[in-house]
Amino acid sequence: MNPITMLLAADKYIRMALEEDINNEDVSTNAVMPEYQKGEVQLICKEDGIIAGLAVFERVFTLLDAAADVRCTVKDGDPVKKGEVIAVVTGDIRALLSGERTALNYLQRMSGIATYTNSVVRLLEGTKTKLLDTRKTTPCMRVFEKYAVRVGGGCNHRYNLSDGVLLKDNHIDAAGGVREAVEAARAYAPFVRKIEVEAEDLDMVREAVEAGADIIMLDNMTPEVMAEAVRIIDRRAETECSGNITRENIKTITSLGIDYVSSGALTHSAPILDISLKHLKVLD
């Protein structure tokens, strides 16, 4: 998920978020500022972290005021410090007031994900294992959340159900077994698609290897069982570890030689990064 792709997909969601917050008018703003008046406000970090989502933050204001200007002192992926002024937003004060919450919601959420992801990525330094996100994202926020994972140094798993073949337990049950599911996927999916199989035990690992799966996901296994699974696979498929992986327990699997580790916590459990718009002033 690169910045251009993210922004191409983002506009409709940003408009929806603004419409959710301003379905008729901003009564508070229109009461105190009934006419155009140029102003500026500072964007200030209230804790240390990794910033992500500045272009989305800016787009909120330019949708409300085409002449709005956001001048940043940092870029996505940069570390930020508590108390640091990282941008100044200039424009119609009505747009600054009405867009504040929506703009901050995006920036805080995306920066929180980037910060949390970066802290996990650092735990994998020196290993071959790459960190992946999942589809456990907030509805209508996936494009933003997966971009934030990339900013934090992680990698994206498939974006959606059209993006790759992942045969999970219910797919396997529906097909009648691992081999049957893999064979059906080979017959149906384009030849350029890799086929990943979720395995819950060592018997399923063996079946997935014999069926010719390209990637085998080791789901909710103990480190000891994962180590045996890696030995069984013996590089005949790529390996992915998944299931309740968090910053607190990821170190238990770093020595196993697994290719990828996927963690839903990157998007569903990352706290926001506290950032505020402060010190609004009227300009002549």
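This is a predicted model: local features need pLDDT of at least 70, side-chain atom pairs count only at pLDDT 80 or more; totals for chains, interfaces and linings use all residues.

Student: What makes E1 and E12 a pair?

Tutor: Names first: helices (H or I, at least four residues) and strands (E, at least two) are DSSP runs, numbered from the N terminus. Two strands pair if DSSP finds at least two bridges between them. Strand E1 (residues 38-45) and E12 have six bridges, in the antiparallel sense, so they pair by that definition.

Student: Which sheet do they belong to, and in what order do its strands come?

Tutor: An open sheet of four strands, ordered E3-E5-E1-E12, with antiparallel pairing. Strand E3 (69-72) and strand E12 (275-282) each have a single partner strand, so they stand at the edges and one side of each is left without a neighbour in the sheet. On average, neighbouring strands here are turned by 20° against each other, direction ignored.

Student: Which helix lies across E1, E3, E5 and E12, and at what angle to E3?

Tutor: Helix H3 (residues 54-64) lies across those strands, E5 being residues 85-92, and runs at about 155° to E3. Helix H4 (residues 93-123) packs on the sheet too, touching E1, E5 and E12, with its direction at about 160° to that of E12. Touching is contact, meaning heavy atoms within 4.5 Å. Axes are lines fitted to C-alpha atoms, for helices over the stretch in contact, and angles run from 0 to 180 degrees between N-to-C directions.

Student: How many residues of E8 are buried?

Tutor: Five of the five residues in strand E8 (residues 195-199) are buried. Buried means under 20% relative accessible area, exposed over 50%, and partly exposed in between (1.4 Å probe, protein chains only). Ile-195, Val-197 and Ala-199 sit on one side of E8, with Glu-196 and Glu-198 on the other, and both faces are covered.

Student: Which strands pair with E8?

Tutor: Strand E7 (residues 165-167) runs parallel to E8 and is joined to it by three bridges. E8 also pairs with strand E9 (residues 215-219) in the parallel sense, over four bridges.

Student: What makes the link from E8 to E9 a right-handed crossover?

Tutor: The chain goes from E8 through helix H8 (residues 202-211) to E9, and this β-α-β crossover is right-handed. The word applies if, with the strands pointing away from the viewer, the path from the first strand over the helix to the second runs clockwise. From E9, the chain crosses through helix H9 (residues 223-233) to E10, again as a right-handed β-α-β crossover. E9 and strand E10 (residues 238-242) run parallel, joined by five bridges.

Note on methods. Residues are numbered from 1 along each chain as its sequence is written. Side-chain values use heavy atoms; hydrogens and water are left out.
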